[in-house]
Structure formats: C-alpha cells, structure tokens
Amino acid sequence: MEAYTLPQITVGEVMTHSVKTVEKDAPIEELVNKVKTHDYHSFPVVYRDRLVGIVTKTDLLRVIDNKKLSNIAVNRIEDIMTPHPISISADSSLRKGAELMQKNHVRVLPVVKEGRLIGLLSYSDLVRTVFKV
C-alpha cells in the first residue's frame with residue numbers, strides 16, 4: 001500500500017493565525033476562564049512575547065483532580081505548563097508538521113518565528129487541508 005503524500009503546502013498556509021494565549025505568570029483562574037470562554041484544548045504560554053510553554057485542558061483537569069490547588073487564584077500557569085514545547089516554523093512543510101505531531105503524540109504545534117509565536121498548527125488544520133485537496 002502506497003503512503004498518502006501531502007501536496008507541497010507550508011504550515012503558514014494552513015495555520016491558525018489568531019491564537020489565544022496565556023501569560024506564564026498569570027493565575028490558573030485565567031486559564032479556567034479561557035477554557036470556559038473558548039472551545040480550545042491547548043493554549044500557548046508566552047512571556048515577554050516569547051513562547052515558553054503550552055498548557056492544556058488536560059493539564060488543568062489533572063491538577064484539579066489531584067487536588068493540588070488549595071486556592072486556584074494563587075497558582076500560576078507556569079506551575080502546570082509543559083515548558084519548551086515542540087514547535088515549527090511557518091515555512092516548514094505540512095508533511096513535517098504532521099510527522100512531528102504523530103511522532104510526539106501532540107495535536108497542536110505552536111508556529112514560531114525567531115522565538116515569537118505567530119500561529120498554531122492543529123490536527124484540525126491538517127484534516128481540513130487534506131479534505132480540501
């Protein structure tokens with residue numbers, strides 16, 4: 001069986017440009033509010049306009065389930081985020097993005113340029129693109 005080949009499309013052509021982020025020193029309560037307001041699973045974590053981590057609904061639920069939060073307002077995003085997330089550049093191929101997601105078992109990749117977040121490539125972006133082709 002021959003493997004499906006993605007056309008020569010770059011990450012920048014299909015990524016989501018408008019990304020909801022959280023600051024690393026923000027209280028976890030801010031993440032709770034973003035999760036309630038937006039239908040996203042992952043939020044890039046920034047500090048001084050630089051990508052420093054990623055935090056997910058799962059990270060938040062794990063903390064709540066483990067009852068690590070005695071007072072949710074005093075804990076910071078940086079306490080539960082995954083630091084130094086796998087990222088990709090906008091000029092990378094969509095194939096490379098798909099391979100990174102599959103290899104690292106992630107459903108979202110922050111898209112960066114010189115350390116600054118410029119977008120997000122999600123599994124949904126990949127599926128939408130494949131079905132357009």
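Student: What share of the protein chain's residues counts as buried?
Tutor: In this predicted model, 36% of the 133 residues of the protein chain count as buried, where buried means under 20% relative accessible area, exposed over 50% and partly exposed in between, with a 1.4 Å probe and protein chains only. Local features need pLDDT of at least 70 and side-chain atom pairs count only at pLDDT 80 or more, while totals for chains, interfaces and linings use all residues. Residues are numbered from 1 along each chain as its sequence is written, and side-chain values use heavy atoms, with hydrogens and water left out.

Student: How many helices and strands are there?
Tutor: The protein chain has five helices and six strands, taken as DSSP runs numbered from the N terminus (helices are H or I with at least four residues, strands are E with at least two), and along the sequence they follow the pattern α-β-α-β-β-α-β-α-β-β-α.

Student: Which residues touch the most other members in the largest nonpolar core?
Tutor: They are V22, L31, V45, V55, I77 and I80, in a core of 13 residues; a nonpolar core is a set of buried Ala, Val, Leu, Ile, Met, Phe, Trp, Tyr and Cys residues joined through side-chain atoms within 4.5 Å.

Student: And which element gives the most to this core?
Tutor: That is α2, with three residues, and the elements giving two or more are α2 (28-37), β2 (42-47) and α3 (57-65).

Student: What does V55 touch?
Tutor: Leaving out residues up to four places away in sequence, V55 touches V22, L31, H41, S42, F43, V45, I77, I80 and M81, a contact being heavy atoms within 4.5 Å.
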